[in-house]
Amino acid sequence: MSKRRLGALAVLSLAAALVTTALIGNPASAAAVTYGQDVSGHQGNVNWSAQWSAGSRFAYIKATEGTYYTNPYFAQQYNGSYNVGMIRGSYHFAIPNGGGGAAQADYFVAHGGGWSKDGRTLPGALDIEYNPYGATCYGLSQSGMVSWIRAFLNQYHTRTGRWATIYTTTDWWVTCTGNYSGFWANSPLWLARYSSTPGTLPAGAPTWSFWQYSSTGPFAGDSNQWNGALDRLKVLACNGPC
């Protein structure tokens with residue numbers, strides 16, 4: 001995800017990594033969550049066997065950004081994670097001032113953002129967060145941002161039959177959407193917060209589904225938790241039984 005966000009939260013990363021180490025080392029503590037990661041072109045070719053051995057069981061892979069960028073390592077990362085046994089999905093880094101939400105959803109689906117009911121593919125994720133290139137909210141009003149997100153989600157659903165996961169931070173969501181609560185009935189929340197707890201959730205979110213808790217390990221890229229056991233993650237992948 002964005003380097004601006006990584007820099008802003010880096011002071012908490014070491015503590016988060018220590019907490020993570022403690023959790024992974026304690027089966028009783030770790031039983032309620034499943035560990036995984038997300039990667040982008042920054043990680044290049046990933047040694048997926050090593051990630052599996054370290055305990056990662058799912059991966060979100062950056063596929064696209066705006067309507068102009070595709071991850072050159074996408075195939076190695078997306079197929080490689082699948083081939084070692086992980087449940088995998090792809091994500092799109094939103095550029096709301098660089099094209100409409102529907103157009104970016106189409107670009108995402110056309111470049112790796114699709115979904116299949118194979119039990120190992122997660123619904124695509126919309127990464128919508130701090131602007132690494134300029135104004136925090138990309139020059140959009142709060143209502144304009146909500147409309148952009150709605151257009152993306154609706155088009156993604158039309159194209160794939162799934163509602164996209166939404167990756168964000170609570171602070172950005174409050175600032176740029178006015179803490180809009182209307183998407184969480186359909187879209188799982190993927191919360192970014194580098195701390196020992198997920199903290200406050202966006203308004204209306206009943207829980208977090210994924211939590212990105214560290215950018216400094218234990219896994220390549222960013223480290224995450226799924227809020228449940230692996231069998232429940234398979235239910236999300238399948239959109240029910242499969």
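Let me begin with one atom pair: the backbone oxygen of Gln77 lies 2.9 Å from a polar atom of the side chain of Ser81, where a polar contact is a pair of N or O atoms within 3.5 Å, and within protein one must be able to donate a hydrogen and the other to accept it, residues adjacent in sequence counting only if both atoms are side-chain atoms. Please bear in mind that this is a predicted model, in which local features need pLDDT of at least 70 and side-chain atom pairs count only at pLDDT 80 or more, while totals for chains, interfaces and linings use all residues. Residues are numbered from 1 along each chain as its sequence is written, and side-chain values use heavy atoms, with hydrogens and water left out.

Ser81 is buried, at a relative accessible area of 0%; buried means under 20%, with a 1.4 Å probe and protein chains only. Apart from neighbours within four places in sequence, Ser81 is in contact with Trp48, Ala59, Ile61, Gln76, Met86 and Arg88, contact meaning heavy atoms within 4.5 Å.

Turning to the helix itself, H5 covers residues 74-83, and its buried residues are Phe74, Gln77, Tyr78, Gly80 and Ser81. Those residues pack against strand S1 (34-39), helix H4 (48-53), strand S2 (58-65) and strand S4 (87-93). Just after H5, Gly85 takes a positive phi of about 110°.

As for the whole protein, its secondary structure comes to 9 helices and 9 strands, and 51% of its 242 residues count as buried.

Note on methods. Helix = DSSP H or I, 4+ residues; strand = E, 2+ residues; numbered from the N terminus. Buried < 20%, exposed > 50% of the residue type's maximum accessible area, 1.4 Å probe, protein only.
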